[in-house]
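Here is a short briefing to read alongside the model.

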Amino acid sequence: MIIIGEKINGSIPAVAEAIANRDAEFIKNRAKAQAEAGATFIDCCASVPEAEEVETLKWMIDCIQEVTDLPIAVDSPSADVIKEAYKFCKKEGIINSVSGEGDKVDTIFPLIADSKWGVICLLSDDTGIPKTAADRLKVFDYIMSKAKEYNISPDRLYIDPLVEMLCTSEDGMAMNVEVMSTIRKQYPDIHLVAAVSNISFNLPVRKLVNLGYTVLAMNAGLDSAILDPLNRDMMGVIYATEALLGLDDYCMEYIGAYREGIFGPQK
């Protein structure tokens with residue numbers, strides 16, 4: 001599983017305070033902790049007014065790169081901000097994100113066409129989040145046509161089927177499973193990613209819903225997730241599910257992660 005650490009995001013009150021105070025040690029400590037916990041990428045989102053975003057992201061990215069060489073997921077709703085901020089990264093990471101909305105794809109895809117950058121692609125468009133699997137797959141087809149146009153291979157794409165709140169869903173996660181399963185059958189090398197915690201908003205004991213979603217989504221083809229790598233229960237479930245799905249020969253990854261203290265009893 002590709003783990004995109006979610007803990008450096010200005011929408012989190014403690015992170016917002018650190019950004020406002022330019023508390024570099026706070027950002028560095030969060031980056032280091034996520035790296036040590038098994039993250040593959042470190043997500044970096046400022047969540048400040050767009051006029052301040054590029055400068056803020058530069059400061060945050062510099063802080064992260066002082067303490068870890070993990071690649072960064074440069075996270076902003078603005079394609080224009082990403083267009084500038086991704087340049088501050090010392091190595092290629094992930095753009096978070098594009099969608100079928102406006103000209104985001106045509107802004108970002110040309111920038112990364114001749115690189116190894118990955119990109120998260122949301123299955124939404126100018127109408128918002130499609131209500132049916134068929135309509136989300138239409139957005140997917142559009143994104144894939146653009147990827148082909150710019151010669152971006154499927155293995156650089158991280159498709160986000162969009163996880164919505166379970167408590168307002170009419171079909172649980174059936175639509176999510178249909179979208180992921182369909183995409184996985186068509187493109188075995190593509191990545192499927194989800195912001196796991198979105199599923200449990202407004203529910204009690206959210207961690208149980210998050211864990212259940214992760215297992216079911218991995219069974220449908222999910223191979224990447226935006227989550228908290230310091231959540232030892234979640235990390236344990238991910239390693240266990242990979243073993244159960246036959247993705248971990250002789251459970252060696254599971255055993256290794258346990259020995260390294262990524263999950264299990266606190267050492």
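Buried means under 20% relative accessible area, exposed means over 50%, and partly exposed lies in between (1.4 Å probe, protein chains only). This is a predicted model, where local features need pLDDT of at least 70, side-chain atom pairs count only at pLDDT 80 or more, and totals for chains, interfaces and linings use all residues. Residues are numbered from 1 along each chain as its sequence is written, and side-chain values use heavy atoms, with hydrogens and water left out.

**Salt bridges**

- The structure holds twelve salt bridges, each being a side-chain nitrogen of Lys or Arg within 4 Å of a carboxyl oxygen of Asp or Glu.
- Arg22 and Glu55 form one of them, at 2.8 Å from N to O. Arg22 sits in the loop between H1 and H2 and Glu55 in helix H3 (residues 50-67), 33 residues apart. Helices (H or I, at least four residues) and strands (E, at least two) are DSSP runs, numbered from the N terminus.
- Glu55 is partly exposed at 47% relative accessible area, and Arg22 is partly exposed at 32%.
- Asp228 and Lys7 pair at 3.8 Å, N to O. They bring together the loop between strand S8 (224-227) and helix H9 (232-244) and the loop between strand S1 (2-5) and helix H1 (13-21), 221 residues apart.
- Asp228 counts as buried at 18% relative accessibility, while Lys7 counts as partly exposed at 22%.
- Within helix H6, Asp135 and Lys138 are three residues apart, about one turn of the helix, and their closest N and O atoms are 3.6 Å apart.

**Gln34, a buried side chain**

- Gln34 belongs to helix H2 (residues 24-36) and is buried, with a relative accessible area of 0%.
- A polar atom of the Gln34 side chain lies 3.2 Å from the backbone nitrogen of Glu6.
- Leaving aside residues up to four places away in sequence, Gln34 touches several residues, among them Lys7, Ile8, Ile42 and Leu230; contact means heavy atoms within 4.5 Å.

**Helices H5 and H6**

- The axes of H5 (residues 104-112) and H6 (residues 133-149) come within 10 Å and cross at roughly 35°. Axes are lines fitted to C-alpha atoms, for helices over the stretch in contact, with angles running from 0 to 180 degrees between N-to-C directions.
- Val105, Asp106 and Phe109 of H5 meet Tyr142, Ile143, Lys146 and Ala147 of H6.

Conventions. A polar contact is a pair of N or O atoms within 3.5 Å; within protein, one must be able to donate a hydrogen and the other to accept it, and residues adjacent in sequence count only if both atoms are side-chain atoms.
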